[in-house]
Amino acid sequence: MRKAVSWRRELRGAAERVPTRAPLRHLRAVSAGRYRVIVIGLLLATSCLYTLYALAYPLGAITRPEAGTFPLIIGTALTIAVLVVLVRDAAGPNESTLLADDDDVASEPAGVGGEVRVLLFLLNLVLYVLLLDTAGQFIASFVVVLVVLLLARSRPPWQQALFAISMMIGSYLIFEVLLNVPLPQGFTF
Amino acid sequence: MDFSLLSAALADLFTPSALIGLLVGTLVGSLTGVLPGLGAVGAMAVLMPFSVSLDATGAIVMLTGVYIGAQYGGSTTAILLRLPGESSSVITSIDGFEMTKRGRGGAALAISAIGSFVAGTLSVAALMFAAPALSDVAIRFSAPEFLTLAVLALFALSRVAAGSLALSLAAALLGVALSTVGVDPISGLPRFTFGIQELSRGLETATIAVGLFGLAEILGSVRSKRHQFDVANVRMRDLIPSREEVRRSGAPILRGSGIGFLFGLMPGPAAVLSTYASYGVERRVSKRKDEFGRGAVEGVAGPESANNAASGGAMVPLLALGIPFAAPTAILLGALTLQDVAPGPLLITQQPVLFLSIILGLYAANIVLLLLNLPLVRIFTLLLRVPQDFLLAGIVLVTLVGTYAVRNSIFDVYVVIAMGLLGHVMIRARIPRAPMILGFVLGAVIETSFSQTMALSGGDAFYLLHRPIALVFAVATVLVLVAPMLLGFVRRWRAPDIPERRREEAHETE
């Protein structure tokens, strides 16, 4: 842990020595580290819980594995792998903390606004499912599209409403009429 | 060659279902490649629920069309804007964009499309011969062989995925753990269902893939608010390459095809890795090494052929063994499962028409993509001007309704949202997602073959020694784990000698 602290100190020092845009980079590296520690910590908790749950199922014998055997092996292996990741991360930057994922646009810095947008977006998706169950596909699809456009805040309301209505009708025609998918009708139809 | 089978496969390919799949897949793939964001695997995942409405041939042709189409489309923006739509087009953007700056962007696009087509043709031909040959061997496989092969695939992908081995393995094991949710295949006991009825059916591959790749990419776009692009104008007459450019591209296309196909046979992100390998080879064998990085046509022809050939190569282990070696083929396996088709050694002997129609579909996708991409290059690049918010809202709705449509389950839509969040968190924490989807898809195979192997072994710890093929896979797994560490150790051990040797060499020259 002491090594991790000294790594952060080194980063902070390096950022202060570079005059231009480096401080932003330094902030990003530190916050990405904290974020990662939290995520890996949650993963460790999940793997421990999974392993404990696996113990609740019958384990059988070595030649006759039962419902709990395979999950127990996987849970134990997962816990060990996550612990190794945690230890390596604590030891300082390594290839997995510094190298970019092959498709990691979402790991670009976006600030607090970006996180709020993601949260609102997810709430919108949950709202869609709740509406799908109660009000049906027509209203749910209209609302989800409208809220996505509202979150983008890039065009006048009449354009947003028009696009939401056309998507509502379009999705009905594609799924219900063309593909014969019985979409939830709720109280609207 | 049995011509009755061939004609039956052709008849299968000319059904409305397969033709719709072909057209939709290639179009969506090209668009996905052109528009940065969703990615080939994400688009495949989003379209996967729709594949249920098609027959098996249509479903596979549609999804492979997306995969190959994304390679074609990705090169368009890589060459014209230095904006790779796909990670497999990153290498192309180096020399491709330099050619655009010199006014040869159209020629680079044409060479890229022709190279992709030739590579696609060659890889489909190789697939036609390699898959049955491998399947003849694989027909002798039993539980221990499938267990060790699936474990090898997981470890090998974890080794080449971004990040450390432990992290990739953790992601793969998380996928395997998710696959254990539902009824135990041996005893029928419900596991990890927490009293939720819907969970006893297990989690659907489509739901996991759509969330982990499709929705996670959408969340990434929401977070970073991507902007519009200015696009260079390309006229039809600009697309004609010069005689010199064609002459210089021939050998790189053939070499790229070979490299790509071989990489496709191996676990890992074959399309991406093969482009780097092809670029390296071209640079090494070229007489104009100084031109690389400044607009060498070989730097476009080789990698573009390689990434397309890799798509064909990746189909060999999927169709012959039933084991996917990368995320795109894991999604294809999920789509085949939705169609009640089990790929593997028996597919070629028991369903030869389906096997042939899949191969013909792959080839047809290459033809359609060549016909689409060259004349419509201007339209595809203009799509970069489509308002991103409209595009995003449309994709979100299609993703949500498509997920619901797979099993008519509202619960699945909740799962897809949860998986989307998980995928987003994984991207931000730099945890690779490809091993996770592979782990999820292979989880059931590993568990079933593990139980059978344990029963067959009768408690014998050296059982694998009596199964030579399984032993080879087990040794290969150990090598995948240990070899890079040993190589690193040897390199570090030899490193101090290098300056010493240089001093000796300098002394000798003096």
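Predicted model: local features only at pLDDT ≥ 70, side-chain atom pairs only at ≥ 80, totals over all residues.

**Two helices in chain B**

Helix α4 covers residues 56-81 of chain B, and helix α15 covers residues 352-373 of chain B. Their axes come within 9 Å and cross at roughly 35°. On the α4(B) side, the residues that meet α15(B) include B:Ala56, B:Ile60, B:Gly65, B:Gly69 and B:Tyr72. Over on α15(B), the partners include B:Leu354, B:Gly361, B:Ala365 and B:Asn373. Sort the residues of this contact by class and you get eleven nonpolar, ten polar and no charged ones.

**Where the chains meet**

Now zoom out to chain A and chain B. Here, 69 residues of chain B are in contact with 74 residues of chain A. The area buried between the two chains is about 6600 Å², and carbon and sulfur atoms give 74% of that. Ten residue pairs are in polar contact across this interface, counting pairs with both residues at pLDDT 80 or more. Which parts of chain B supply at least two residues each to the side that touches chain A? They are α8 (165-179), β2 (190-191), α9 (205-224), α17 (388-407), α18 (410-428) and α19 (434-457). The largest share comes from α17(B), with 13 residues. By class, the side of chain B that touches chain A has 42 nonpolar, 16 polar and eleven charged residues.

**Charged partners**

Side chains of opposite charge can pair when their charged atoms come close. Over all chains, the structure holds 15 salt bridges, and three salt bridges are counted between chain B and chain A. One salt bridge to look up joins B:Asp389 and A:Arg155. B:Asp389 sits in helix α17 of chain B, while A:Arg155 is in the loop between α6 (137-152) and α7 (157-178) of chain A.

Next, find B:Arg467, in the loop between α19 and α20 (468-494) of chain B. Leaving out residues up to four places away in sequence, B:Arg467 touches B:Ser142, B:Pro144 and B:Glu145. B:Arg467 and B:Pro144 are 323 residues apart along the chain, yet their C-alpha atoms are separated by 7.8 Å. A polar contact also joins the side chains of B:Arg467 and B:Glu145.

Here are two side-chain pairs to check in the viewer:

| Side-chain pair | Kind | Distance |
|---|---|---|
| B:Asp389 and A:Arg155 | salt bridge | 2.7 Å (N to O) |
| B:Arg467 and B:Glu145 | polar contact | 3.0 Å |

Terms used
Residues numbered from 1 in each chain as written. Chains lettered and ligands numbered in written order. Heavy atoms only, no water. Contact = heavy atoms within 4.5 Å. Buried area = accessible area lost by both parts, 1.4 Å probe. Salt bridge = Lys/Arg side-chain N within 4 Å of Asp/Glu carboxyl O. Polar contact = N/O pair within 3.5 Å; in protein donor to acceptor, adjacent residues only side chain to side chain. Helix = DSSP H or I, 4+ residues; strand = E, 2+ residues; numbered from the N terminus. Nonpolar A, V, L, I, M, F, W, Y, C, P; charged D, E, K, R; others polar. Axes fitted to C-alpha atoms, helices over the stretch in contact; angles between N-to-C directions.
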